[in-house]
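Subject: A structure for you to look at

Hi there,

I am passing a structure on to you, and I hope you enjoy exploring it. Please open it first, and then read my notes alongside it.

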Amino acid sequence: MNNCLYLDTVINFLKTKFRLQDHFRPLINGFLIYLSTVIVPSNSIAQEIENNEVIDSLIMRLSVLNEENDKVDLLCEIAKEYQDYDCGRGKEYAQLSLTLAEKINYQKGQLEAANIYGEMLLFCDVNIIESMEYFNTAMELAVTLGDEERELRIMQDIAYANYSIGEFENAIRYYRNAVSMAQDMNDDARVNQIYAYMGDVYLDMGDTANSLNYLQMVVNYGAQTEFQLSSKNILVSCANYFLLQGDLERAGLLTERALALSQEEGSMAWISYCHYFK
């Protein structure tokens, strides 16, 4: 695997995290020099071997499947395996999945493939406009199929897409709708996740008070289990809360924990972001 594939994924991920702001790009570009000389060489080879083994296994399964629906699902699974480190290949498999699902009128498969393809366009290519087209298609299918879980995920994707281009009010509106859905589903963990994103949005809006209110709720939820069950993005949000409060020690500890999780998952984009956040 060429390291530039990792770097392309990483740079675009960082662009979404920093909302495509021009004044961050020199910092990001400089950080890529560090990535290319330190992080990528020490992680990419092992991760590539592991990913290739999983993908090879999935492709072997694909060759013996007879049911078209199963092929659609497996193509999506392969796309997701590629998503973190080779979005180009990931999009190829997602498109194959979507094309086959449309051909056989397999709506559940169309929904999954359209959502995955939209997420790759958003997080890998930073192609907001085209990603929204796929999210809208996926949302229509989710509503038609009554798939509330997927509808909630897409709503969060749309909110994040708006946040990425600085459409803060739209982002907050979608996140509030997502919170209502998650509460109706009694999904406290998802509510907490959305609060973390809302804290980020309010912070970028310059509304520090609202940001701290939401991040405080995220911290309180995570503290119930001493952050042992917190995801990497939740840990970074909590670290940001302590950073805003001037508690550098706790901010550093939570960032280190987020970095360790990212390394366990082999997520180059998040590894880079945690190093950058440090």
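A residue is called buried here when its relative accessible area is under 20%, exposed when over 50%, and partly exposed in between, using a 1.4 Å probe and protein chains only. By that rule Cys76 is buried because its relative accessible area is 3%. Cys238 is buried too, with a relative accessible area of 0%.

Before going further, please note that this is a predicted model, in which local features need pLDDT of at least 70 and side-chain atom pairs count only at pLDDT 80 or more, while totals for chains, interfaces and linings use all residues. Residues are numbered from 1 along each chain as its sequence is written, and side-chain values use heavy atoms, with hydrogens and water left out.

Let me start with the cysteines. How many disulfides does the structure hold? There is 1, where a disulfide means a pair of cysteine sulfur atoms within 2.5 Å. Cys87 and Cys124 are the partners, with 1.8 Å from S to S. This bond links distant parts of the chain, 37 residues apart: Cys87 sits in helix H4, and Cys124 in the loop between H5 and helix H6 (128–145). Helices here are DSSP runs of H or I with at least four residues, strands are runs of E with at least two, and both are numbered from the N terminus. Cys87 counts as buried because its relative accessibility is 6%, and Cys124 does so at 5%.

Leaving out residues up to four places away in sequence, Glu119 touches Gln83, Cys124, Phe135, Arg153 and Asp157, a contact being heavy atoms within 4.5 Å. Is Glu119 buried or exposed? Glu119 is buried, because its relative accessible area is 7%.

Next, the aromatic rings. A search of the whole structure finds 10 aromatic pairs. Rings of Phe, Tyr and Trp (its six-membered ring) pair if their centres lie within 6.5 Å; planes under 30 degrees apart count as stacked, over 60 as edge-to-face and the rest as tilted. Tyr82 and Tyr93 have ring centres 5.7 Å apart and planes at 15°, so they are stacked. Tyr82 belongs to helix H3 (residues 68–82) and Tyr93 to helix H4 (residues 87–103), so the pair ties together parts that are 11 residues apart in sequence. Both Tyr82 and Tyr93 are buried. Tyr195 and Tyr214 make a tilted pair, 5.3 Å from centre to centre with 55° between the planes. Here helix H9 (residues 188–204), which holds Tyr195, is linked to helix H10 (residues 208–223), which holds Tyr214.

One aromatic cluster is formed by Phe123, Tyr160, Tyr163, Phe168, Tyr175 and Tyr197. Tyr175 is also among the residues with the most contacts inside the largest nonpolar core, which has 80 residues. Such a core is a set of buried Ala, Val, Leu, Ile, Met, Phe, Trp, Tyr and Cys residues joined through side-chain atoms within 4.5 Å. Ile194 is another of those residues, and its contacts beyond four places in sequence include Tyr175 and Leu152.

Finally, have a look at helix H11 (residues 232–244), where 11 of the 13 residues are buried, among them Cys238. Just after H11, Gly246 takes a positive phi of about 85°.
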